[in-house]
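I opened my notebook beside the viewer and wrote things down as I went. Here are my entries, in the order I looked things up.

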Amino acid sequence: MEIKTTAVAGTLESSDIQIMISKGSNGIEIDLESEVKKAYGDQIEKVITDTLKAYGLENAKVKATDKGALDCVIKARTLAAAQRATKISDKPDLEVL
């Protein structure tokens, strides 16, 4: 699967996460900004990476700004951004969740 455009999903509200996905060439690169990065950063990055790989993306640059999102929210926002970036948001692949 190929990223065709930069896409964003999510907000900067409490208990949410904003995910921006753009083209990459060195696997999945994640730039995470979170107040709880020290405690939960590895888990947040794992959820994002696993979701993108399940969706079929192997190369992507991800900018994630976390405001205390749960794993289910991280997955949903990552999937929404991935579908927008690949321009196939009209056919949601909910099995990834």
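**Entry 1**

I began with Ser15, which sits in the loop joining E1 and E2. I kept in mind that this is a predicted model. Ser15 is not a glycine, yet its phi is positive, about 70°.

Next I turned to Lys87, in the segment after H2. Lys87 is a residue other than glycine too, and its phi is positive, near 60°. I noted Lys87 as exposed, because its relative accessible area is 55% and the cut-off for exposed is over 50%.

**Entry 2**

I then traced the strands. In what order do the 4 strands of the open sheet lie? I read the order as E1-E2-E4-E3, and the pairing is mixed. On average, neighbouring strands are turned by 15° against each other, direction ignored.

I went through the pairs one by one:

- E1 (residues 7-9) pairs with E2 in the antiparallel sense, over 3 bridges. I marked Ala9, whose bridge partner in E2 is Ile19.
- E2 pairs with E4, again in the antiparallel sense, over 6 bridges. Here I marked Ile17, whose bridge partner in E4 is Asp66.
- E3 and E4 pair in the parallel sense over 7 bridges. I marked Ile28, which stands opposite Ala60 in E4.

**Entry 3: helices on the sheet**

Which strands does each helix lie across? I saw H1 lying across E2, E3 and E4, and it runs at about 145° to E3. H2 lies across E1 and E2, and it runs at about 30° to E2.

I also listed the buried residues of H1, which spans residues 37-55. They are Gly41, Ile44, Val47, Ile48, Thr49, Thr51, Leu52 and Tyr55. I remembered that an α-helix has 3.6 residues a turn, so residues three or four places apart point the same way. What do the buried residues of H1 pack against? My list reads strand E2 (17-22), strand E3 (28-34), strand E4 (60-66) and helix H2 (71-85).

**Entry 4: helix against helix**

I finished with the two helices. H1 and H2 pack at an angle of about 40°, and their axes are 9 Å apart. I wrote them down as oblique to each other, because an angle under 35 degrees would be needed to count as roughly parallel. The crossing of H1 past H2 is right-handed.

Which residues meet there? From H1 I noted Gln43, Ile44, Val47, Ile48, Thr51, Leu52 and Tyr55. From H2 I noted Asp71, Ile74, Lys75, Thr78, Leu79, Ala82 and Gln83. Sorted by class, this contact has 8 nonpolar, 4 polar and 2 charged residues.

Looking back over my pages, I like to picture H1 with its buried residues packed against E2, E3, E4 and H2.

Terms used: Residues are numbered from 1 along each chain as its sequence is written. This is a predicted model: local features need pLDDT of at least 70, side-chain atom pairs count only at pLDDT 80 or more; totals for chains, interfaces and linings use all residues. Side-chain values use heavy atoms; hydrogens and water are left out. Buried means under 20% relative accessible area, exposed over 50%, partly exposed in between (1.4 Å probe, protein chains only). Contact means heavy atoms within 4.5 Å. Two strands pair if DSSP finds at least two bridges between them. Axes are lines fitted to C-alpha atoms, for helices over the stretch in contact, and angles run from 0 to 180 degrees between N-to-C directions. Angles under 35 degrees count as roughly parallel, over 145 as roughly antiparallel, 65 to 115 as roughly perpendicular and the rest as oblique. A crossing is left-handed if the near helix is turned anticlockwise from the far one by less than a right angle, and right-handed if clockwise. Ala, Val, Leu, Ile, Met, Phe, Trp, Tyr, Cys and Pro count as nonpolar, Asp, Glu, Lys and Arg as charged, and the others, Gly among them, as polar.
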